Amino acid sequence: MLWFNRDSSLSKLIKDSTVYTELSNGELVPHKLDLKTVLKNKPEYVDILAKALIGCIPKFRVSNNLCCLYPSVAATILVSAATTGVIKGTLLVKEGFDYFRVIGFGAGKEIKEATLFDDVSYSGDTLLKMLKTAEEQGILIKDALTIIDRCRGASRRLREHGVTLQSFVSVDF
């Protein structure tokens, strides 16, 4: 699913974060996406992604309480986006997946429903761990949102748990 203009800053981000591998015949093939390094070297992309995230919430009709792993690329984007007021609650899952910390506009409020958020989805392992943590806390999760879906099974695995995965872009290489 590609919902932004191919000439946009998000398209440039995909190009900038693609890591290539050289085959024995000299051909370069895309190997992986490295958002973390690109965002570290080009911090302006954090604002671009935060604005894209804010814009996609009504488009994708997902909960405006967002949940992501912390520390992570997604958390950096989410914290930047949370300052706008569009996102009502920001839940950060500690890396060990053992608790939530509510920050942003949802701090001090009980959050009953949220959308999982991650920068890149592959097989869905991280999203499923966050889903389990959310369910243990009594938080309903119906949707997951990623910047990039690598088409490695995350959508299918989440759907088996009643969660719909939506992405800014799908990249299959």
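Predicted model: local features only at pLDDT ≥ 70, side-chain atom pairs only at ≥ 80, totals over all residues.
Modeller: Residues are numbered from 1 along each chain as its sequence is written, and side-chain values use heavy atoms, with hydrogens and water left out.

Biologist: In what order do the elements of the protein chain run from the N terminus on?

Modeller: Helices (H or I, at least four residues) and strands (E, at least two) are DSSP runs, numbered from the N terminus. The protein chain has 6 helices and 8 strands. Their order is α-β-β-α-α-β-α-β-β-β-α-β-α-β.

Biologist: Is Ser 17 buried or exposed?

Modeller: Ser 17 belongs to helix 1, residues 9–17. Buried means under 20% relative accessible area, exposed over 50%, and partly exposed in between (1.4 Å probe, protein chains only). Because its relative accessibility is 1%, Ser 17 counts as buried.

Biologist: Which residues does Asp 119 touch, not counting residues up to four places away in sequence?

Modeller: Asp 119 lies in strand 6, residues 113–121, and is buried at 14% relative accessibility. A contact means heavy atoms within 4.5 Å. On that basis, and with residues up to four places away in sequence not counted, Asp 119 touches Leu 35, Val 73, Ala 74, Thr 146, Ile 147 and Ile 148.

Biologist: What is the relative accessible area of Cys 151?

Modeller: Cys 151 sits in the loop between strand 7 (140–149) and helix 6 (154–159). Its phi is near 60°, a positive value in a residue other than glycine. Cys 151 is partly exposed, and its relative accessible area is 37%.
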